[in-house]
Amino acid sequence: MRIIKLFILIVISMLTFSSQALAWPNSNIIGSVKDYSPKLTDDFYVNVNHEWLLNAKLKPGRVRTSLFNELQDIIDERLKALMTDETVKDHDGELVRTLYALWLDWDSRNAEGLGDLNTQAMKITGIKNIDELSAYFKTKDSFYNDIVIADYGIGYDNIDSEAYNLEILATGLSLGDSAEYRKMTSNGERTKKMHDGMVMYMLRRLGYDEAEAKRLLDSAFEFEKAISESMMTVDELNAPEAIKKMYNPVTMQELRQKSKVFPFADILEAHKVNSKLICLEQPKWLEALNALYTPDNLENIKAYLLCKLAESYITITDEPAYREYQRLSRERYGIKESRPDDETAVNFVHSNLSVPVSKIYVSRYVPAECKREITEIINDTVKYYREMLASEEWLSESTKQKAIEKLNAMRLNVAYPDKWRDFSGLKFDSEKTLIDAVKELQRFNTQKYFYERLNTRVDHDLWIEDVVAVNAYYSPMQNSIKIIAGILGGDFYNSDMTYEEKLGGIGIVIGHEISHAFDTSGAQFDKNGSMKDWWTEEDYKKFQERADKLIKYFSNMKVNGENYNGALVQTESIADMAGIKAMLGIAEGHANFDYDKFFRQYARIWKSASTPEFVDRLIKMDVHALAFLRVNAIVQQYEKFYETYKIQKGAGMYLAPDERVAVW
Ligand SMILES: [Zn+2]
């Protein structure tokens, strides 16, 4: 059971002369920037961030350094102090302190060793036939530990977005992308090496010899490879048409019909999961799963489950296991040192108890006044969007009108919610171990985020997003933006910044998020967040033609020697451009606006340097363009940029007017 979060994030994280290759080197690889700075007119991103990029160092255990990381570090330092602060008297404070202490208590963790892993493993290895396998899926062990071959979770229903539905998800793949099983990339190879290393280690700890452990791994991979053939790839999942393709409502009765061999409906019933709304994301996958659910494949499926189980314990058991995980992780991402344990413990508590952690943090560190100023910038942005949408000549009146209605209905959320989920039902016994606490969390979260929401209406006041992460969100199914507390700092925002810097920082983020309401996915959800095509067919076609031009522009670039994936980054790049355009529009209303300050601030928020291995992963998996492209390829679309810096034909930043690809 997975807790699904549905929103579009701002991170996770030419051209120029007609058909020529990329003019800018990939400056986001750490150490790639040299002493000599390129001219601002040739490589704006490196010029503005030169000193920072030149001196960028990775802290132990980190794959990237960026403004996002710097801000998160400040937050994490504060969180660390809060996690041992006895003056936080309430239940939330106690939960946070207990979990933090349990994570760091190596003596108890070592004494506990692998905990119940052996017992759990025997439940899988003891399975003798398909009926026993089906019976296993009906147990709490399978359900709470997420040791399944068919996953599900709670989502917002596409049609009735005020209702939660049960989403049937495809099998979890260790390589993350089904395309990797057809043709493995460098990133896939690294992911596989780390995954195999973790599983091998844990299987050896369970007593398997090398050959047997290897056989189990290969067997599990065989199952993954077989099922992956029918699964959508990362590219397909991110394509605009995926939204409709993945919305396949079924009743429980229909699910029973569609999944006769793999007894899906019976398994759900055993867990008392019954939803009026069920959405089957990948029908082809379910067919394939039923074809594979045979005695012939029993051993492969068991191996898959066992490997999944073993891997899930590596970070929560004893110190030797954790150190092996760190070693493999260093190798995977090309880093020399691991993160200090206390930092990892802070992260662990933060991600597992995000509501109590956020509540405590907000009460100490987020002044209520910042909501006011951010709301003002949001209101200005919304006002400008109204003008911008009205003035787009390629849009018909009907689409414009609906777009403005959608804008007017948008939920604008700042910093933190007024209402928090109640965690009083969660208790950790400080006498117990980290493994016990993790089990308790699984039980509690399943109750809170799954059962309590099933068959109910959406409560918009309860946010699912973590508010002390450095991020911002647009949710197409809630038609809402959330500019959360975590991003309101550093170069994004502080109350002493100039107006230009505020627009070039947090303003851009706001403009970016709002634009998602009007992009290829936003066009498929109306003002209430229900799936409905509200653009005229002709307008949507025009939008797509514009998007195609942008895709081509990015796809012609060579990054790290390979053609860039324009289709993967299209939506986020359109949003980046819209963000700039909106802020430039607002700027027009201000006399003596300092555009230089504005553009420089924009370049600064994307300062970023990573290991080559991590950059490779971003290129293959991230829907956002690499940071240097989020700056250079975006600003060069707008005339104001050329005016401000007197950029002429022949300069690296120059793009001829007819080659510019801004959708908005
Ligand atoms: Zn975005």
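K646 counts as exposed because it has 8 C-beta neighbours inside 10 Å. The cut-offs behind that call: a residue is buried if 20 or more other C-beta atoms lie within 10 Å of its own, exposed if 12 or fewer, and partly exposed in between, with C-beta atoms placed from the backbone. K646 lies in the segment after α28 (639-645), and its phi is near 50°, a positive value in a residue other than glycine.

Before going on, two housekeeping notes. This is a predicted model, so to speak of local features pLDDT has to be at least 70, side-chain atom pairs count only at pLDDT 80 or more, and totals for chains, interfaces and linings use all residues. Residues are numbered from 1 along each chain as its sequence is written.

N455 is another non-glycine residue with a positive phi, here about 60°. You'll find N455 in the loop between α21 and β9 (472-475). Helices (H or I, at least four residues) and strands (E, at least two) are DSSP runs, numbered from the N terminus. W463 lies in the loop between α21 and β9 too. Going by C-beta contacts, which need C-beta atoms (placed from the backbone) within 7 Å, W463 touches P417 and K482, leaving aside residues up to four places away in sequence. As for R443, look in helix α21 (residues 434-451). R443 and I508 are 65 residues apart in sequence and 40 Å apart in space, C-alpha to C-alpha.

| Residue | C-beta neighbours inside 10 Å | Class |
|---|---|---|
| R443 | R443: 14 neighbours inside 10 Å | R443: partly exposed |
| N455 | N455: 13 neighbours inside 10 Å | N455: partly exposed |
| W463 | W463: 24 neighbours inside 10 Å | W463: buried |

Now for a strand. How many of the 6 residues of strand β5 (residues 164-169) are buried? The count is 6 of the 6, so β5 is largely enclosed by the rest of the structure. Both of its faces are covered: Y164, L166 and I168 are buried on one side, and N165, E167 and L169 on the other. Strands count as paired if DSSP finds at least two bridges between them. Strand β4 (residues 151-156) is joined to β5 by 6 bridges, and the two run antiparallel. Strand β7 (residues 278-280) runs parallel to β5, with 3 bridges joining them. E167 shows up in both pairings: G153 stands opposite E167 in β5, and E167 stands opposite C279 in β7.

On to the core. A nonpolar core here is a set of buried Ala, Val, Leu, Ile, Met, Phe, Trp, Tyr and Cys residues joined through C-beta atoms within 7 Å. The largest one has 192 residues, and V96, L99, V349 and V631 touch the most other members. Helix α24 (residues 566-588) gives the most to this core, with 12 residues. Where does the core lie relative to the domains? Domain 1 (14-69 + 368-415 + 473-659) and domain 2 (117-314 + 323-330) both give residues to it, so it lies between them. Looking at V349 in particular, and skipping residues up to four places away in sequence, its contacts are M83, V96, L99, Y100, W103 and V357.

Those domain bounds come from an automatic or database domain assignment. The C-alpha centres of domain 1 and domain 2 lie 36 Å apart. Their contact takes 17 residues from domain 1 and 18 residues from domain 2. On the side of domain 1 that touches domain 2, the elements giving two or more residues are α24 and α26 (612-621). The largest share of that side, 5 residues, comes from α26. By type, the residues of that side divide into 6 nonpolar, 7 polar and 4 charged. For this sorting, Ala, Val, Leu, Ile, Met, Phe, Trp, Tyr, Cys and Pro count as nonpolar, Asp, Glu, Lys and Arg as charged, and the others, Gly among them, as polar.

Finally, the whole thing. The protein has 28 helices and 13 strands, and buried residues make up 47% of its 664 residues. Its C-alpha trace spans about 75 × 50 × 50 Å along the principal axes.

Conventions:
Two residues are in contact if their C-beta atoms, placed from the backbone, lie within 7 Å.
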